[in-house]
Amino acid sequence: MSTIRPAQITKVLPDSIAAEIGFDAGDAIVAINGTQPRDLIDYQFLCADEVLELEVLDASGKTHHIEIEKDYDEDLGLEFATALFDGLIQCNNRCPFCFIDQQPPGKRSSLYFKDDDYRLSFLYGSYLTLTNLSEREWLRIEQMRLSPLFVSVHATEPDIRIKLLKNQRAGQILEQIKWFQDRRLQIHAQVVVCPGINDGQHLEQTLKDLASFHTGEIPAVASVAVVPVGLTRFRPQFDELIPVTTEKAQEVISQVQSISQKFRQKFGSGFAWLADEWFLIAGEELPTEAEYEEYPQIDNGVGSIRLFIKQFTSTATELLPPKLDHPKQLTWVVGNAVEKAFQPILQQLNSVENLEVKMQALSSDYWGQKISVTGLITGHDLLLNLSGKDLGGGILLPQVMLKHGELVFLDDMTVAEVAEKLNTEIFPVSGIEELINTCVSEVEVSRSKSK
């Protein structure tokens, strides 16, 4: 059993209960009403009570006992260094398509963590396989109603799923989904298609099996995302994986759209959705916005481009001025997978008089990919493709390329290093408003170029 560590506080929200009491960043919660919280789920559950007795360790190591009276469910206003206070539940599979195993050695240690933790699935929508849960964890999911969870199914036929996950426990997936159904709990499913292994008739069987749980008032399987396998040049060369070709992408699109149409007639919902990458690889138009319904798999890249374009258009109407006072040129770096799809955004930006935004749509030489999503572009790729080019007043860099909370690329190069080598400003932008505001700001603020 992992040791439960005190929950270290990183931020105290202003005007909150915690701020009023005098909590500081660096303090840590040891126990709430006599119970040590294992994770953020326990913390939120325990803090719902109206009367709390907290055991707190301050930054100097001194213990304090604090009693709080508050409204039921009222938040204390604390943020923590991690969502898990007892450590990560590690993955026990050996999937040949695991991205973590397709990275070069010698990079920062966090890139090699293989999590398969149901708590991160519940809190943040990350995918898990259900192969590593003890009886205690299953009981906790049931008792605390941790639903929905996000499950990497990949295949429902036991022998195919065992082959994909390299784990004998992987063959229990249909029984596990039935467990969710019996308890009126839900999952969102994911199928990573590996050509020659779980495609064709196996993919059809998987979707039909999952659809059999899409019944009743609370369907056990709420939705399915079908995703193409992503391969890099660092993967083990003895594996059986085949890259997704243009022809394979077109075949899978046709197959899943046909099956999804039948689901729509039966359930009133498409139920199974294709990740945007399929259409980008196939060179086909993305589905219309209406086909994504309520975007149930948006975090899996299903409809994210359509939604981004829609939100950009709406925001641009409010924020884009007709004209800048002074000429401004910028270079917007994206993965070449979205080059065609993002043309309407580029046109809207360039409709502003005196503003010129040039798109540099890159493939990733670092990962050995001809077609790359934006999040996988590295510092190496920027230097390879942009050195010696006129980049105008600087580079618009989508934050998705960087480590969360830090200005570091996936290849461990820093934004400052790349800015210095390219002799330009780099503006990391997160979200639509920041993208637009950086483009139209009349005052350029140096955020990353080395001095």
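Predicted model: local features only at pLDDT ≥ 70, side-chain atom pairs only at ≥ 80, totals over all residues.
A disulfide is a covalent bond between the sulfur atoms of two cysteines. Cys47 counts as buried because its relative accessibility is 6%, and Cys194 counts as buried because its relative accessibility is 1%, the threshold for burial being under 20%.

## Helix α8 and its surroundings

Helix α8, made of residues 246–267, has 22 residues and reaches 31 Å from its first C-alpha to its last, which is close to the 32 Å expected at 1.5 Å a residue. The residues of α8 that are buried are Lys248, Ala249, Val252, Ile253, Gln255, Val256, Ile259, Ser260 and Phe263. An α-helix has 3.6 residues a turn, so residues three or four places apart point the same way.

As for the partners of this helix, the buried residues of α8 pack against the helices α7 (201–211) and α9, and also against the strands β9 (221–228) and β10 (272–274). Gly268 follows α8, and the phi of Gly268 is positive, near 80 degrees.

## Helix α10

Helix α10, which spans residues 304–319, has 16 residues and reaches 21 Å from its first C-alpha to its last, close to the 22 Å expected at 1.5 Å a residue. Within α10, the residues Ile305, Leu307, Ile309, Phe312, Thr315 and Ala316 are buried, and the buried residues of this helix pack against α9, α11 and α14 (431–440).

By residue class, the lining of the second largest pocket divides into seven nonpolar, one polar and four charged residues.

## The enclosed cavity

Rolling a probe the size of a water molecule over the atoms shows where empty space is left. In this model the count comes to one cavity of 30 Å³ or more, and about 40 Å³ of space lies in the largest cavity. Gln329, Leu330, Thr331, Lys358, Asp390, Leu391 and Gly392 line the largest cavity.

Strand β11, residues 323–335, gives the largest share of this lining, with three residues. The lining of the largest cavity divides into two nonpolar, three polar and two charged residues, whereas that of the second largest pocket has seven nonpolar, one polar and four charged.

## Two glutamines

Gln343 itself counts as partly exposed because its relative accessible area is 28%, a value between the cut-offs of 20% and 50%. The C-alpha atoms of Gln343 and Val224 are separated by 29 Å, and these residues are 119 residues apart along the chain.

Gln168 lies in the loop between α5 (158–165) and α6 (173–182). Gln168 counts as exposed because its relative accessibility is 64%, the cut-off for exposure being over 50%. The C-alpha atoms of Gln168 and Thr131, which are 37 residues apart along the chain, are separated by 8.8 Å.

How values were computed
Residues numbered from 1 in each chain as written. Heavy atoms only, no water. Buried < 20%, exposed > 50% of the residue type's maximum accessible area, 1.4 Å probe, protein only. Helix = DSSP H or I, 4+ residues; strand = E, 2+ residues; numbered from the N terminus. Nonpolar A, V, L, I, M, F, W, Y, C, P; charged D, E, K, R; others polar. Expected span 1.5 Å × (residues − 1). Contact = heavy atoms within 4.5 Å. 1 Å grid on protein atoms, 1.4 Å probe; cavity = no way out; pocket = protein on both sides within 12 Å on 5 of 7 lines; lining within 4 Å. Points joined across faces, edges and corners; volume = space filled by probe spheres on them.
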